[in-house]
Amino acid sequence: MSEASKKVMVIGAGPAGCAAALAAAGYGLDVTLVDEHPQAVSAMSLDAPYFYGSRLAPVLSNDGEIADRVLGANEGLMECLDAGVEVLVGTSAWGVFRSGPNSRHLAGDQVGVADRERSWMLPFDYLVIASGARDLVLSFPGWELPGVLGVMGASMLLRSYEALGGRSLLILGSGNAALAFARDALSAGLTIAGIAEPAPQVQGDAALARELEEAGARFYLGHTIQRALGEGSVSGARLAGHDGSDRPGQTIDVPCDTICLAFGMVPNVELPAVAGCAIGFDPARSGWAPMVDANMETTLPGIFVVGDAAGVSEAGCLDSAGAVAQAHRAAASIAMREGLRAAPADAPPRPTASAATHFPPDLWLSSLTASGGMDVLVCQCEEVSRRDLVTVAPPAYLRASEKIAPDAVTMLTVNGHPSQDSLKRLTRAGMGHCQGKRCREHSAMLLARAAGVDLADVVTGSYRIPVRPIPLGVIAPADESAQMRADWPVWLHPVAEETGH
Amino acid sequence: METADVVIVGAGIIGLSAGYWLAKAGAKVVVLDKGRAAQESSSRATGFLSLRGEEPLEAPLALAAERLWNTLDEELGYPTEWRQKGRLWVALGEHERDALDEKYRGFLNTGIPFERIDGERCREIAPSLSPAVIGGIHTPRSGHANPQRTTQAFAWALRDRGGAIIEERPVTGIHVAGGKVTGVATPAGDISAGVVVVAAGAQTSKVAALAHVEVPTATVRLEACVTAPLPPLFDVAMVGGGLSLRQTRRGNIHFNGGPHEWVDVELTEEPAKPNTPILRNIARRLAELMPGIRDIPLLRSWAGVLEVTPDQMTILERLSDPDGLIVASCSGHGFGMAPSAGLAISELAQHRRTSLPIEALGLSRFSTLPRDWKARRRWEPGRYNT
Ligand SMILES: Cc1cc2nc3c(=O)[nH]c(=O)nc-3n(C[C@H](O)[C@H](O)[C@H](O)COP(=O)(O)OP(=O)(O)OC[C@H]3O[C@@H](n4cnc5c(N)ncnc54)[C@H](O)[C@@H]3O)c2cc1C
Ligand SMILES: Cc1cc2nc3c(=O)[nH]c(=O)nc-3n(C[C@H](O)[C@H](O)[C@H](O)COP(=O)(O)OP(=O)(O)OC[C@H]3O[C@@H](n4cnc5c(N)ncnc54)[C@H](O)[C@@H]3O)c2cc1C
């Protein structure tokens with residue numbers, strides 16, 4: 001690789017990130033690929049990036065064994081290594097920093113990364129964000145029990161960490177992610193206790209659903225979950241019939257040791273958001289997604305977003321070809337700009353409404369609210385219930401004595417746009433250690449309903465650096481300069497002579 | 001045309017406090033903001049009441065604020081999380097001791113009780129402090145509150161008393177006729193009022209300029225962070241090791257400090273407030289100050305843009321030219337000052353006079369300020385850490 005070669009940073013070593021890294025390296029670019037897996041158990045316990053839930057199998061603490069499994073399961077990563085890509089695993093990207101308005105002193109664009117011991121900054125000329133999707137979480141009584149987790153967390157634990165820790169699975173949702181996960185679980189020798197879906201018909205691929213049914217999976221259509229059953233861990237689920245009304249129907253108890261939430265998946269947009277890329281609401285891409293052009297370039301030149309991070313679709317849950325095509329397009333566009341390629345790559349398919357996932361999962365929320373009520377927690381970290389949220393109740397540590405402002409949701413709504421940040425600050429929903437990953441969409445959907453507006457009109461909460469909670473001792477730089485130590489101001493410098501100091 | 005007795009430009013804590021006291025007194029008050037209420041500095045502050053111990057001209061207004069803070073929850077009817085638990089400055093290592101001694105000498109200018117204490121005593125007050133803390137200054141006076149809840153408490157209380165807050169309504173002009181203020185212009189129409197209060201935070205100078213009044217301020221971007229919640233560790237409002245820090249009622253440690261960039265702001269645009277890698281060094285300081293918590297995660301960071309006056313003291317004056325214009329700029333300590341500053345504004349708006357001690361805080365003190373004062377201080381946009 002020539003000295004002059006431009007630096008391409010790729011974040012995320014799923015199919016999209018690996019394809020981008022491999023293609024960019026193929027053009028002779030200097031590529032670094034970063035992925036947070038294998039994760040430390042402490043990081044997984046914060047439910048980032050997926051909703052892993054609180055049943056984390058003991059083997060997850062065996063770092064050597066886990067590293068073998070996780071790396072061994074990722075062929076794309078191995079190819080990248082062979083192609084000379086600098087690969088940093090077990091390393092999370094926690095911030096993107098750009099020299100720009102009001103940060104002019106920064107020398108160049110850089111990504112902040114951290115492993116378990118330390119953090120450091122990586123400068124880049126081009127950034128390809130392939131951070132995938134994360135679980136869309138809605139709640140029901142008992143959702144904090146060990147054994148409840150999201151479909152992405154479950155899929156990762158099953159396929160990569162080989163540490164799901166359950167044998168009999170109830171899946172909530174019948175879109176393609178739910179069906180694909182059921183298929184993978186069956187082929188791993190696990191049992192499907194049931195697939196529940198409040199709609200009267202299966203939402204995902206009909207052929208796959210038939211296949212599952214033939215393999216013995218039972219579908220509970222027109223059913224929602226009323227509660228998770230079990231003391232200390234999941235031993236079953238109580239399903240309730242749902243006919244679209246506010247009244248839960250007949251209940252049925254389904255024994256299982258794992259409840260897997262497949263209400264939906266949303267693009268993991270924290271990094272483009274903190275970088276300052278424009279993010280827009282787009283149900284065809286399952287939520288708030290970065291605005292990208294045909295090259296998958298964001299509104300910030302040189303920053304690309306590809307794969308599930310740029311939008312989740314039903315088709316994409318069965319086939320990563322679209323994600324890979326986006327990655328190739330982005331890499332080719334970088335190569336063209338650097339004079340390493342003459343023509344653009346084929347245009348990746350554009351998201352269409354018909355290929356969209358069922359976003360937002362309104363029927364799920366209605367049915368869960370009808371059967372679980374308003375006193376279920378939305379935010380586990382800060383203990384905020386649905387009712388607290390829509391009444392803008394003060395947080396738990398104040399609650400007993402405090403008065404609630406009348407009409408508070410109306411006051412958070414300006415010109416038809418309620419602010420999720422304001423709601424968050426006042427109720428603390430989303431301010432805890434999972435950084436809102438378990439409650440962001442749930443809270444936005446409840447806010448839209450309470451304010452009587454479409455979800456699209458909610459001013460969604462801001463993302464904050466670091467996008468992963470990182471221990472002070474890890475994020476702190478070891479290499480602080482003596483100059484910085486000497487010049488460090490606590491606050492604005494006191495006024496010195498008129499001539500400056 | 002819409003009319004009001006008083007129009008306040010800026011729904012930060014200063015404008016909301018002024019609006020609250022005015023509404024309580026029965027005035028017809030409208031608070032306008034270009035964006036949403038309380039989304040700029042006021043909700044991004046650390047939450048201290050600075051006693052201005054080194055500024056005899058400003059300390060009286062801070063002491064008046066302290067009295068109001070002590071009963072503010074009852075006054076407003078909503079919690080601010082104010083805790084009058086005192087303030088502590090500590091020196092971490094020898095190199096901070098000289099600065100501490102100098103600060104202590106400065107503090108002797110006012111009647112506020114400050115005590116010079118040793119490292120042991122610092123650790124009795126805050127046991128999580130590093131053994132490398134070798135001394136401190138303590139006062140049982142003052143304390144800290146939750147900036148987000150406090151600004152919201154003012155907003156709710158203001159509306160409860162009949163005041164109005166109109167968001168996303170930028171002020172783009174101030175009307176003056178015959179030497180008197182007659183109202184403001186906004187893209188959605190004029191609002192007439194005999195008194196206009198400029199409490200526009202970072203934009204104060206720009207808004208005042210609409211009435212051809214020069215308010216000298218420089219604007220700066222600062223960064224702040226919080227950790228995950230911890231059990232109760234300390235309850236003073238602390239300065240030391242390069243940081244200002246407090247532990248929130250919820251248990252998070254909220255801290256800020258470090259280099260800052262001087263920036264430009266526009267009249268009606270929201271200033272960009274990016275965080276930068278300096279937050280790593282800010283985090284490092286907390287781990288050095290309280291080594292026992294170095295494994296606690298850093299959870300969030302943010303930045304705020306605020307205005308600084310040439311002498312870093314509050315500007316608060318009702319002008320005679322044009323008559324009816326009140327300007328308020330609290331120069332980086334407006335959060336703590338808000339109860340009394342707002343009350344003073346409310347009195348000035350209604351009676352032209354105030355019982356609060358603001359005589360020394362007028363604009364005339366800058367009459368000899370050189371035109372290039374920002375350049376001389378290296379406080380111009382783009383400058384870093386000078
Ligand atoms: C249950 C299930 C079954 C599926 N089965 C199939 C199948 O059989 N065939 C098929 O083709 N497709 C299948 N898919 C779809 C396929 O997984 C997606 O198309 C693909 O994962 C999208 O790839 P990606 O690279 O965009 O994201 P991902 O594969 O999700 O990769 C993103 C990576 O980025 C990492 N990351 C995110 N943020 C950071 C950060 N801040 N720092 C460091 N790393 C970060 C993530 O941890 C993750 O490793 C399935 C999906 C699901 C949910
Ligand atoms: C990191 C940080 C820590 C701090 N810590 C402390 C502390 O511990 N103690 C303390 O006392 N102070 C602290 N401060 C300073 C304090 O936040 C400010 O002094 C105070 O909030 C100023 O309040 P304000 O109402 O004047 O301004 P702001 O809160 O900035 O409000 C001004 C409002 O005016 C609006 N506006 C601007 N232009 C227009 C226009 N043309 N039309 C309509 N509206 C307009 C803005 O949108 C904004 O909402 C801190 C600040 C920061 C950034």
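How many helices and strands does chain A have? Good morning, and thank you for joining this presentation. The structure shown above is a predicted model. Chain A has 16 helices and 25 strands. Its radius of gyration is 23 Å, close to the 23 Å that the globule rule gives for 501 residues, so chain A is as compact as a globular protein of that length. Along the principal axes, the C-alpha atoms of chain A fill a box of roughly 75 × 55 × 45 Å.

Let me turn to one annotated part of this chain. In an unreviewed entry, UniProt places the feature "domain: SoxA A3" at residues 413-476 of chain A. Over that stretch, residues 413-476 of chain A, the chain is 38% helix and 9% strand.

I now come to ligand 1. There are 35 residues around this ligand, and those that come nearest are A:Ala16, A:Asp35, A:His37, A:Asp308 and A:Ser320. In the side chain of A:Glu36, an N or O atom is 2.9 Å from an oxygen atom of ligand 1. From A:Gly316, a backbone N or O atom lies 3.0 Å from an oxygen atom of ligand 1. A nitrogen atom of ligand 1 has a polar side-chain atom of A:Arg468 at 3.3 Å. Taken alone, ligand 1 exposes 990 Å², and the protein buries 89% of that.

Which elements of chain A each supply at least two residues of the shell around ligand 1? They are helix 1 (15-26), strand 4 (92-97), helix 5 (151-161) and helix 6 (176-187). Helix 6 of chain A gives the largest share of this shell, namely five residues. Sorted by class, the shell around ligand 1 has 14 nonpolar, 13 polar and eight charged residues.

For chain B, an unreviewed UniProt entry places the feature "domain: FAD dependent oxidoreductase" at residues 5-348. Over residues 5-348 of chain B, helix accounts for 28% and strand for 28% of the chain, and the end C-alpha atoms are 13 Å apart.

Around ligand 2 there are 33 residues, of which B:Asp33, B:Ser42, B:Phe48, B:Gly334 and B:Gly336 come nearest. Why is the site of ligand 2 described as shared between chains? The site is shared because residues from both chain A and chain B surround the ligand.

An oxygen atom of ligand 2 has a polar side-chain atom of B:Asp33 at 2.5 Å. A polar backbone atom of B:Phe48 is 2.8 Å from a nitrogen atom of ligand 2. In B:Phe335, a polar backbone atom is 3.0 Å from an oxygen atom of ligand 2. Ligand 2 exposes 1000 Å² when taken alone, and the protein buries 98% of that.

Within chain B, two or more residues of the shell around ligand 2 come from each of helix 1 (13-24), helix 2 (41-44), strand 17 (297-308) and helix 10 (334-351). By class, this shell divides into 16 nonpolar, 13 polar and four charged residues.

Thank you for your attention.

Terms used: Residues are numbered from 1 along each chain as its sequence is written. Chains are lettered from A and ligands numbered from 1 in the order in which they are written. This is a predicted model: local features need pLDDT of at least 70, side-chain atom pairs count only at pLDDT 80 or more; totals for chains, interfaces and linings use all residues. Side-chain values use heavy atoms; hydrogens and water are left out. UniProt positions are given in the numbering used here, feature names are shortened, and annotations may be inferred rather than shown by experiment. Helices (H or I, at least four residues) and strands (E, at least two) are DSSP runs, numbered from the N terminus. A residue is near a molecule or strand if one of its heavy atoms lies within 4 Å of it. A polar contact is a pair of N or O atoms within 3.5 Å; within protein, one must be able to donate a hydrogen and the other to accept it, and residues adjacent in sequence count only if both atoms are side-chain atoms. Accessible areas come from the Shrake-Rupley method with a 1.4 Å probe; for residues, only the protein chains shown count as cover. Ala, Val, Leu, Ile, Met, Phe, Trp, Tyr, Cys and Pro count as nonpolar, Asp, Glu, Lys and Arg as charged, and the others, Gly among them, as polar. The radius of gyration is taken over C-alpha atoms; the globule rule is 2.2 Å times the number of residues to the power 0.38.
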